[in-house]
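Thanks for making time. I will go through one model, a pair of helices to begin with, then the chain contact, the cores and a few backbone details.

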Amino acid sequence: MSGYLKMSLSRTMILIGLLTLPLLARGELRIDITTGVDSAIPLAVVPFAQPWRGGSAQTGIDQIISDDLRRSGWFELTPPDSMLKRPYRSEDVDYRDWRLLGVEALLIGQTERVAADQFDVRFELLDAVKQQRLAGAKYSAVPGSELRRLAHFVADQVFRQLTGIDGIFSTRMAYVTSVNDRYQLQVADIDGRNPVGVLTSPEPIMSPSWSSDGQHLAYVAFDQGKPAIFRQQLSTGDRKKLTQFDGINGAPAWSPDGQHLALTLSKDGSPDIYLLQLSSGRLTRLTSHYAIDTEPVWSPDGEQIYFTSDRGGRPQIYRISRHGGKATRVTINMGKYNADASISPDGKFLAVVTSNGNNRYRIGLVDLETSTMTHLSEGPLDESPGFSPNGRLIIYTRTRDNSESLAVVSVDVKVRQRLGLQHAKVREPAWSPFSQ
Amino acid sequence: MKHKLVLVVALLGSSMLSGCTTTGGSDSMGASASSSTGSGSSSSYGTSSTSGLGAGADFSSLPLDTVSGQTGSKTIYFDFDSYQIKPEFQSVVAAHAAYLASHPTARVRLEGHADERGSREYNIGLGERRADAVATLFSAAGAADGQLETVSYGEEQPVAECHNESCWSQNRRAVIEYSAR
């Protein structure tokens, strides 16, 4: 394929919204971007004016926005040094300056201190080709502690305007770290900043799952040497033990309506899938098989449960109505081993741990309409895939050389990122829903 | 690994104890002695003892490794994705089973483990199968259900940390932990 054709194809894909974004991190988490999209959109984020400091500054809210957008792999950012002027109002923009630099879009703005720790923030997103404003807003009296969150919020808007896809810069992730037999469940911004330990234990913590409103996590924690499923409210830290039956209490998964948890219990013999109604505590058994049935995940409409079962000899993904009935195998002719499914927000794809033997475990993307699989990672020990709430990215754990780290790959495999925590193993990432 | 260390400590402790009390045969442990051996345990089972019990404690004092050479071994290893107890471990399992059957107050906790390959929750399932495989043999040999507790840690607590078969083979295991003898 010629270079030109390849370019146009990629751009076409962007236009029809096939792709998307990123992750990130500094502070404790370190991020490396390993690849990006072929045809990045030329974008200038002009350092925001900061009148109280005099002139524009290199760091601040505009830097956070730049970092978000650059890490997405979707944009080629104009270096501030090459900018001829640094306008902060659209009426001061001379579009010829920017067309000379090949810029297609331009973000300008201002941060103004209006009280000791309060700021007014204004931004405008401009189309340098059509010479028109695409978006703009002014936020008043924002506390200093909220500026980072606001920056992610602006980045989300820019991303949406320029790609047609919802940005995920304001989302968060939960994950488990372990250092020297000390386990911690942490929640951090999706750029890796502001990590907060929400549970610390000398015993294993597993399988965090977000409630659809993003206010709670369900997870497995060993307690007095036995596994239990807990629900914890993030704002208060209050937690409640939901189940601690004999045997396995595992793999909690929140229903889309927030009313139920699907989970794995082995109290009646072998591991089976159960539904727990949270308001009443009523437990309904969904599968009943001597095989291992585990890792339930709900379809977005709440009507189907996908799960892992080795009822056919090896672990594969099956589907069953949430009302029970016959389970149907989903992963057929897609390798010897498929487990731990995560479903895309539109319900059309599953991300799974897949293997053909040979000790190579990779992340696979199953197209449910065509029943085909593509591989998203190289292995050899990848696991715990989870979709971003916009469906464009998958976060997962990769193990290599005695380290466990998080990685992100776009479903079209054009953007890859890696996150690492120094001195800790980090695993079982769970991507939050969009904030509400 | 932590559990393993604790086990070694507990075994050493009981061996020393037995040396002090050989003439007593299968009499009780002294209360002060059991509290000192128990202090090293990280589990909540048998870690503390009440000082007032005296000779009336209903523990058997016979150290495991004098019951049978086989019960000194507490770990059973498995093949990949398998929970079949291999021939070389049958005698170990049988020795523990016989001990349990003849000591109704003895209690064991069977911990099942898996290697790191594949998904974590499926490996919890695999670990449980391994613990259950041992429990089934114990029951068949006469151990009561009340003497047995199983728990699966899946791949969460490896004893060896590398990414090849030399470590994986050590991690695919069931461990027999006595919470009471």
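**Helix packing, chain contact, cores and loops**

H4(B) and H5(B) cross with right-handed geometry. Before going further, please keep in mind that this is a predicted model.

Staying with that pair, H4(B) covers residues 87-102, and its axis lies 8 Å from that of H5(B), at an angle of about 50 degrees. That angle is why H4(B) is called oblique to H5(B). Which residues make the contact? From H4(B) they are Val93(B), His96(B), Ala97(B) and Leu100(B), and from H5(B) they are Val134(B), Leu137(B) and Phe138(B). By class, that gives six nonpolar residues, one polar and no charged.

Next, the contact between the chains. Chain A puts in 31 residues and chain B puts in 21. On the chain B side, helix H5 (120-140) and strand E3 (148-154) each supply at least two residues. H5(B) gives the largest share of that side, six residues. How does the chain B side divide by class? There are four nonpolar, nine polar and eight charged residues.

As general background, nonpolar side chains in soluble globular proteins tend to be buried together. The largest nonpolar core here has 112 residues, and the members touching the most others are Ile65(A), Leu106(A) and Ile394(A). Helix H4 of chain A, residues 147-163, provides the largest share of this core, seven residues. Taking Ile65(A) as the example, and leaving out residues up to four places away in sequence, its contacts are Val45(A), Leu107(A), Ala151(A), Val154(A), Ala155(A) and Val158(A). Apart from that core lies another, of 24 residues, including Ala133(B), Val134(B), Phe138(B) and Tyr153(B).

Last, the backbone of chain A. Where is the cis peptide bond? It runs from Gly379(A) to Pro380(A), with omega near 10 degrees. Pro380(A) sits in the loop between strand E25 (372-375) and strand E26 (382-387) of chain A.

One is Asp181(A), at about 65 degrees, in the loop joining strand E7 (172-179) and strand E8 (182-189) of chain A. Asp181(A) counts as partly exposed because it has 13 C-beta neighbours inside 10 Å. The other is Asn359(A), at about 60 degrees, in the loop between strand E23 (349-355) and strand E24 (361-367) of chain A. Asn359(A) has 14 other C-beta atoms within 10 Å, so it is partly exposed.

Definitions and conventions:
Residues are numbered from 1 along each chain as its sequence is written. Chains are lettered from A and ligands numbered from 1 in the order in which they are written. This is a predicted model: local features need pLDDT of at least 70, side-chain atom pairs count only at pLDDT 80 or more; totals for chains, interfaces and linings use all residues. A nonpolar core is a set of buried Ala, Val, Leu, Ile, Met, Phe, Trp, Tyr and Cys residues joined through C-beta atoms within 7 Å. A residue is buried if 20 or more other C-beta atoms lie within 10 Å of its own, exposed if 12 or fewer, and partly exposed in between; C-beta atoms are placed from the backbone. Helices (H or I, at least four residues) and strands (E, at least two) are DSSP runs, numbered from the N terminus. Two residues are in contact if their C-beta atoms, placed from the backbone, lie within 7 Å. Ala, Val, Leu, Ile, Met, Phe, Trp, Tyr, Cys and Pro count as nonpolar, Asp, Glu, Lys and Arg as charged, and the others, Gly among them, as polar. Axes are lines fitted to C-alpha atoms, for helices over the stretch in contact, and angles run from 0 to 180 degrees between N-to-C directions. Angles under 35 degrees count as roughly parallel, over 145 as roughly antiparallel, 65 to 115 as roughly perpendicular and the rest as oblique. A crossing is left-handed if the near helix is turned anticlockwise from the far one by less than a right angle, and right-handed if clockwise.
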